[in-house]
Structures are given as structure tokens and as C-alpha cells.
Amino acid sequence: MNGIDVAVNIAILIMVILLPIAFYRVAKSRQKAAERLVGVDLITNLIVGIVMLLAIIEQTDTTIDIGIVLAALSFAGTVSIARYISEGRVF
Amino acid sequence: MDQILDIIGLILIFVGVAFSALGVIGVLRLPDTYTRLHASGKTSTLGVIFIGAGTAFILPSAILKILALCIFIIFSGPVGSHAIAAAVHRGSAHHNEEAISTGNKSLVDGSGVHSKEYIQSVLNQIDETSQQQQSSN
């Protein structure tokens with residue numbers, strides 16, 4: 001394990017510590033569904049960052065495909081749930 | 001030469017981690033949904049882009065996939081934030097205007113989308129309009 005790996009592991013540790021803090025906002029929010037949707041969107045972006053950092057540890061670019069698919073699915077989910085909140089139906 | 005690229009990549013990665021941390025702190029600390037959306041929508045997108053740039057410096061074989069991911073995030077992040085903001089606005093803003101025009105306090109949106117100060121200002125506005133109507137009568 002060289003110096004780069006140690007530094008990247010510290011970065012992953014910080015990102016993983018940020019996840020439950022963002023989840024606290026989703027779980028404890030006294031607000032409507034839109035408030036929780038903001039938190040879920042933030043958590044997904046954090047996970048995409050963690051997946052890209054894992055690609056450095058694994059030394060392979062295949063891991064980044066997971067991030068691409070996760071970003072695409074989270075975009076579709078965010079837009080459809082926002083539409084459900086505002087109009088009462090998705091389609 | 002290899003080490004210089006690695007150090008540039010690490011600096012970019014930690015800038016991205018700092019942006020992500022700012023986004024999470026903003027979502028945790030700011031008072032209502034609009035300001036939380038303002039914090040998460042900008043900083044989380046920028047955090048992912050900086051982490052991707054750093055990864056591209058350290059792992060040059062992945063540069064095309066990271067470029068595709070970053071371009072997708074740049075387009076999809078603001079669209080998603082705008083969709084959430086439009087949903088919140090359609091759900092609550094009209095109720096508050098209706099409450100001010102009719103003087104009915106039960107229509108005021110107290111579900112927490114707005115901050116306490118804003119809800120208090122709406123209630124004060126209703127009181128003022130009802131007092132004006134009484135004095136004109």
C-alpha cells in the first residue's frame with residue numbers, strides 16, 4: 001500500500017462519514033416528501049463520488065460504469081418522484 | 001512526472017471531498033427546503049466533478065468514462081434540482097397566496113417547506129389585511 005492509496009482511503013473514509021449525516025436529514029425531517037428527496041439526491045451524488053474513488057483502489061476503470069448507471073437511474077428517479085409530488089401522478 | 005500527476009489528482013480529490021462536505025453541512029444546517037436545495041444542488045455536482053478530475057489524473061485509462069459521467073452529471077444535476085424546486089413551489093406557494101387573499105389562516109402551509117420566519121410573515125400579512133377590512137367596514 002503506497003502513499004496514494006492511503007490518501008485515497010482517507011478521502012473515502014470522509015465521504016462514508018458524510019453519508020449518515022445526510023441520511024439523518026432524510027430520516028428525521030418533519031417535512032414533506034420533497035425534503036427527503038433533496039437528501040436522497042445528495043446521498044446518490046456522494047455514492048457516485050465514492051465509487052470513483054474505489055476505482056483508484058481497485059486500479060480498474062470498470063468500477064466507474066457503476067457510477068454512470070447509478071447517476072442515470074438516480075436522475076430518472078428524482079425527476080419522476082418530483083413529478084409525482086407536484087402532479088399526483090408520474091405519467 | 002508520474003508523481004506530479006498523482007499529487008495534482010490527490011489535491012483535486014480533496015477539493016471535491018471538501019465541496020461534498022460543504023453540501024452535506026448546508027443540507028443539515030439551513031432552515032428550509034429552498035435553501036437546502038440551493039446547498040445540495042450546486043456543491044454535490046461540483047464535488048463529483050472535482051473527484052472525477054482527480055481520478056482521471058491518477059488513473060488515466062479511465063478518462064473517457066469519467067468524461068462521460070461528468071458531462072452527464074453536469075446536465076442532469078441542475079435539471080433534477082429544478083424539478084424538486086418546481087414541485088415544492090407548486091405544492092405550497094399558491095396556498096399561501098390564497099390564505100392571504102381570503103384571510104383563512106388554516107390554509108397557510110405549516111408543513112415545514114418554508115422557514116418559521118416566512119410563515120410568521122405570512123400570518124402577520126393576514127392579520128394586517130383583516131384589520132384593514134375591519135377598519136374600512
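**Close-up views of a predicted two-chain contact**

**View 1. Chain B is built from four helices and zero strands.** This is a predicted model, and from the N terminus on, chain B reads α-α-α-α. Of the 137 residues in chain B, 36% are buried. Take contacts in chain B between residues at least 6 apart in sequence: 54% of these join residues at least 24 apart.

**View 2. Confidence along chain B is highest in helix H1 (residues 2–29) and lowest in helix H4 (residues 116–136).** The mean pLDDT is 90 for H1(B) and 76 for H4(B). Chain B as a whole has a mean pLDDT of 82, with 80% of its residues at 70 or more. For the model, ipTM is 0.88 and pTM is 0.82.

**View 3. Helix H1 of chain B has the length its residue count predicts.** At 1.5 Å a residue, its 28 residues should span 40 Å, and the end C-alpha atoms of H1(B) lie 41 Å apart, so the two values agree. Now look for the buried positions: among them are Gly9(B), Leu10(B), Leu12(B), Ile13(B), Gly16(B) and Val17(B). Further along H1(B), the buried residues include Phe19(B), Ser20(B), Gly23(B), Val24(B), Gly26(B) and Val27(B). An α-helix has 3.6 residues a turn, so residues three or four places apart point the same way. What covers the buried residues of H1(B)? The cover includes helix H2 (33–58) of chain B, and from chain A, helices H1 (3–28) and H2 (33–58).

**View 4. Chains A and B meet through 42 residues of chain A and 45 residues of chain B.** On the chain B side, H1, H2 and helix H3 (63–102) each supply at least two residues. Which helix gives the most to this side of chain B? That is H3(B), with 15 residues. Sorted by class, the side of chain B that touches chain A holds 25 nonpolar, 16 polar and four charged residues.

**View 5. Helix H3 of chain A covers residues 63–87.** With 25 residues at 1.5 Å each, H3(A) should span 36 Å; its end C-alpha atoms are 37 Å apart, which agrees. After H3(A) comes Gly88(A), with a positive phi near 85°.

How values were computed. Residues numbered from 1 in each chain as written. Chains lettered and ligands numbered in written order. Predicted model: local features only at pLDDT ≥ 70, side-chain atom pairs only at ≥ 80, totals over all residues. Buried ≥ 20, exposed ≤ 12 C-beta atoms within 10 Å, placed from the backbone. Contact = placed C-beta atoms within 7 Å. Expected span 1.5 Å × (residues − 1). pLDDT = per-residue confidence, 0-100. Nonpolar A, V, L, I, M, F, W, Y, C, P; charged D, E, K, R; others polar.
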